[in-house]
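Subject: Structure handover

Hello,

Here is the structure for your set. Please open it alongside this note.

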Amino acid sequence: MKFPRASGVLLHPTSLPGPYGIGDLGPAAYAFADFLIAAGQKYWQVLPLGPTGYGDSPYQSFSAFAGNTNLVSPESLSDGGWLTGKDLADFPQLSAERVDFGNVIEAKAELLRHAFAKFRDDASSGDRADFEGFCDEASPWLNDYALFRAIKSANGGAAWIDWETGLAQRDSGRTDEIAGELAEPIVQQKFCQYLFFRHWFALKNYCNERGLQIIGDLPLFVAHDSVDVWTLPDQFKLNADGTPRIVAGVPPDYFSATGQLWGNPMYDWEQMATDGFGWWIRRLRHAFQLHDVVRLDHFRGLAACWEVPAGESTAVYGKWVDVPGRALLEAATKTLGELPLIAEDLGVITPEVEWLRDDLGYPGMRVLQFGFGSDSANEHLPHNYVNSVVAYTGTHDNDTTVGWFNARGDDVPTRDNTEVEREHNFALRYLNGDGSSINWDFVRSVWASVADTAIVPLQDLLGRDGQTRMNRPATESGNWAWRYLDGVLTRELTEQLREQTELYGRLRK
């Protein structure tokens, strides 16, 4: 698919400012959209929007279809009459700079309980009809999800594999029985999803009407503790008791000398092919309803996956196993039409991966921060870009540009001091800079490149250091928490970004 020459900013909604401990889909989201529009940007890129589980990672979600209800805006609920001023005033005072996920989840859940009680007792016939219409439309995934979350809550948040056997194995008699016992919590789960999607689509429509598009992010894998694995165990490589036989990861790479052991259960691709990849096609259809463009994370996993036996402590002892990715994508294209996908083709890339990407016409990715680790032939250096790539200063997995430039060997697990210093010196020579505005040197270089699409994380526009990094791959805690503060999206920043965007022919049309 051909993308226009344009640019955008990467920022997950949890990083937006506001008084409720976590960024949400309320006023600050609209203000950020206005900033992007004023700066001439075409894209707002976000991370996966699903409900987060293990490690608060958006890449480890309880569902491939549901939304993260922590993103529901309390202010929007108040404006809609679902919360009172007292509800908002009673919300605990939480950090404005970092998401304290444990306390946020508890406090947001209390607000949503109040909103549901108000709806249950006082909703108009029109509101009830709107809610019921959502439930009918979303029923292919919503009914199972609401039951899954209600049972999980009744079991103290335990993973489904640890529930009683009748529920873990989905005995129909036992699940029907528990559904009756948990009738009200199930409706509440559906109501919270209704709120999320109402808020999300209102924001997306606001952006689209003003020429701003949303780039979403689709993880290749799903979490083991998810409704998807619970309801479709035959689609995954599991043992008879539901535990994974094989888990996903990647071999040793730039981020980790022992690889990355993600732990997601591996798909049984042969079984998935028997119905024409029906689950995947439903998932892609849903993703393109939520977003205008979708970045397919770990695209190389559609050519071959790094399979690690369950129980290994690192990803070192895995092996590459072929995947029928072409058949999957061709089936999806036949059903859904042209797919506006970005192929996240970073890491160990083979000719088979490149062939799959190029033959199907998906742009790949280039990350400037990776460009200085070798020599001038490095494909991540802008003079080696082609039109059909999406060029980034860095991604959510990278350090910020300033953090990267200030790092020393002790901060980079796969580099020593000599290598890190050589990379930094190479960057200064390549960018013709002195390091005092390294973040804008990066932006200028990527914006000036021939890449059709250029994306910068907000941290790089703001010149923030490594303390604001979003994620450190191969670590299990302390990630996904950064937020920016009100007042940083200044007129000067808007004008500076717009000037660069206009100068290099990327201004939104």
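Below are the findings on sheets, packing, salt bridges and cavities.

This is a predicted model, in which local features need pLDDT of at least 70 and side-chain atom pairs count only at pLDDT 80 or more, while totals for chains, interfaces and linings use all residues. Residues are numbered from 1 along each chain as its sequence is written, and side-chain values use heavy atoms, with hydrogens and water left out.

**Sheets**

Helices (H or I, at least four residues) and strands (E, at least two) are DSSP runs, numbered from the N terminus. Two strands pair if DSSP finds at least two bridges between them.

Angles run from 0 to 180 degrees between N-to-C directions, and axes are lines fitted to C-alpha atoms, for helices over the stretch in contact. Within this sheet, β3 and β6 (residues 293-296) run parallel and are joined by four bridges. L218 stands opposite L296 in β6.

Another open sheet has four strands, ordered β5-β4-β7-β8, with antiparallel pairing. β5 (260-265) and β8 (319-322) are its edge strands, each pairing on one side only. Direction ignored, neighbouring strands of this sheet are turned by 50° against each other on average. Four bridges join β4 (residues 246-250) to β7 (residues 304-309). A248 stands opposite E307 in β7.

**Salt bridges**

The whole structure holds 22 salt bridges (a side-chain nitrogen of Lys or Arg within 4 Å of a carboxyl oxygen of Asp or Glu). One of them pairs E184 with R120, with the closest N and O atoms 2.8 Å apart. E184 lies in α8 and R120 in α4 (residues 101-122), so the pair ties together parts that are 64 residues apart in sequence.

**Cavities**

A cavity is a set of points on a 1 Å grid over the protein atoms alone where a 1.4 Å probe fits but cannot get out; lining residues have an atom within 4 Å of a point. Grid points are joined across faces, edges and corners, and a volume is the space filled by probe spheres set on the points.

There are four cavities of 30 Å³ or more. α8 (183-209), β3 (213-218) and α11 (278-290) each supply at least two lining residues. α11 gives the most, with four. The lining divides into 16 nonpolar, seven polar and three charged residues.

For these classes, Ala, Val, Leu, Ile, Met, Phe, Trp, Tyr, Cys and Pro count as nonpolar, Asp, Glu, Lys and Arg as charged, and the others, Gly among them, as polar.

The second largest cavity has a volume of about 150 Å³. Its lining has 17 residues, with L10, H396, P457, Q459 and M470 nearest its centre. These 17 divide into six nonpolar, eight polar and three charged.

Best regards

Conventions
1 Å grid on protein atoms, 1.4 Å probe; cavity = no way out; pocket = protein on both sides within 12 Å on 5 of 7 lines; lining within 4 Å.
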